[in-house]
Amino acid sequence: MSEEDWTLMLRSHGIRPTANRIILLRALSAADSSLTLSELEHRIQSIDKSGLSRALSLFRKCHLVHDVEDGDGSVRYELCTGSGGREDDDQHVHFFCERCHHTFCLYDNPIPSVVMPEGYVVTGINYVVKGICPSCAKKMGRRQG
């Protein structure tokens with residue numbers, strides 16, 4: 001994507017484009033899986049931790065990214081692939097591999113609906129399945145399924 005594409009993506013989510021925000025957006029987009037704040041710090045050494053945290057918080061608020069509690073005690077961030085409206089409509093199941101510690105997005109598996117008792121207000125959903133990913137299972141000589 002070009003600089004103009006990144007700028008348009010930020011603006012479409014109501015975010016003022018800055019150099020740091022574009023750098024963060026590029027890094028999230030280039031990742032093959034969700035990333036922790038520490039992983040982002042390692043990849044983007046030109047932005048300090050507080051700058052990354054502020055940008056991620058803004059991205060979350062504007063539904064450009066969502067965070068995933070990965071089942072290993074870490075919070076991971078990934079770009080939303082939804083419509084960019086007022087809600088995160090990109091809610092899907094995640095899979096945490098207990099061997100390689102990667103978290104995978106299972107985009108074709110929406111989070112099942114949960115009927116909440118009256119009076120409860122849902123502000124987020126985290127659905128993580130734990131196990132062994134296909135690559136690790138193959139290395140271990142285990143059947144998948």
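The legends below accompany an overview and several close-up views of a predicted model.

**Figure 1. Overview of the predicted chain.** The secondary structure of this chain consists of five helices and six strands. Read from the N terminus, these elements follow the order α-α-β-α-α-β-β-β-β-β-α. Along the principal axes, the C-alpha atoms occupy a box of roughly 45 × 45 × 25 Å. The chain has 145 residues, of which 35% count as buried. Among the contacts with a separation of 6 or more, 47% are between residues 24 or more positions apart. The chain exposes about 9,400 Å², and carbon and sulfur atoms supply 48% of this area.

Figure 2. Helix H2 covers residues 19–30, which is 12 residues. At 1.5 Å a residue, such a helix should span 16 Å, and its end C-alpha atoms are 17 Å apart, so the two values agree. The buried residues of H2 are Arg21, Ile22, Leu24, Leu25, Ala27 and Leu28.

**Figure 3. Asp5 of helix H1 and Ile22 of helix H2.** Asp5 lies in helix H1. With a relative accessibility of 32%, Asp5 counts as partly exposed, whereas Ile22 is one of the buried residues of H2. Asp5 and Ile22 are 17 residues apart along the chain, and their C-alpha atoms are separated by 9.9 Å.

Figure 4. Leu37 belongs to helix H3. Its relative accessibility is 18%; because buried means under 20%, Leu37 counts as buried. Leaving aside residues up to four places away in sequence, Leu37 touches Lys49, Leu52, Ser53, Leu56, Val75 and Tyr77. Tyr77 is 40 residues from Leu37 along the chain, yet the C-alpha atoms of the two residues are separated by 7.8 Å.

Figure 5. His66 is part of strand S2, and His94 is part of strand S4 (residues 92–97). Both histidines are buried: the relative accessibility is 8% for His66 and 4% for His94. The side chain of Glu78 is joined to the side chain of His66 by a polar contact of 2.4 Å and to the side chain of His94 by a polar contact of 2.8 Å. Residues up to four places away in sequence aside, His94 touches His66, Val68, Glu78, Thr103, Phe104, Cys105, Leu106, Tyr127, Val128 and Val129.

**Figure 6. Two histidines with a positive phi.** His63 is not a glycine, although its phi is positive, at about 60°. His63 is placed in the loop between H4 and S2. With a relative accessibility of 19%, His63 counts as buried, because the limit for buried is under 20%. His101 is likewise not a glycine and has a positive phi, of about 65°. The place of His101 is the loop between S4 and S5. At 38% relative accessibility, His101 counts as partly exposed.

Figure 7. Val114, Met116, Tyr120, Val122, Ile125, Tyr127 and Val129 make a nonpolar surface patch of about 660 Å². Tyr120 sits in the loop between S5 and S6. The relative accessible area of Tyr120 is 56%, and Tyr120 is therefore exposed, the limit being over 50%.

Figure 8. Thr123 is in the loop between strand S5 (103–110) and strand S6 (128–131). Its relative accessibility of 81% places Thr123 among the exposed residues. Thr123 and Met1 are 122 residues apart in sequence, and the distance between them in space is 32 Å, C-alpha to C-alpha.

Conventions: Residues are numbered from 1 along each chain as its sequence is written. This is a predicted model: local features need pLDDT of at least 70, side-chain atom pairs count only at pLDDT 80 or more; totals for chains, interfaces and linings use all residues. Side-chain values use heavy atoms; hydrogens and water are left out. Helices (H or I, at least four residues) and strands (E, at least two) are DSSP runs, numbered from the N terminus. The expected span of a helix is 1.5 Å times one less than its number of residues. Buried means under 20% relative accessible area, exposed over 50%, partly exposed in between (1.4 Å probe, protein chains only). A polar contact is a pair of N or O atoms within 3.5 Å; within protein, one must be able to donate a hydrogen and the other to accept it, and residues adjacent in sequence count only if both atoms are side-chain atoms. Contact means heavy atoms within 4.5 Å. Patches are made of residues with over 30% relative accessible area and no salt bridge: like charges are joined within 9 Å, nonpolar side chains (Val, Leu, Ile, Met, Phe, Trp, Tyr) within 5 Å. Accessible areas come from the Shrake-Rupley method with a 1.4 Å probe; for residues, only the protein chains shown count as cover. A salt bridge is a side-chain nitrogen of Lys or Arg within 4 Å of a carboxyl oxygen of Asp or Glu.
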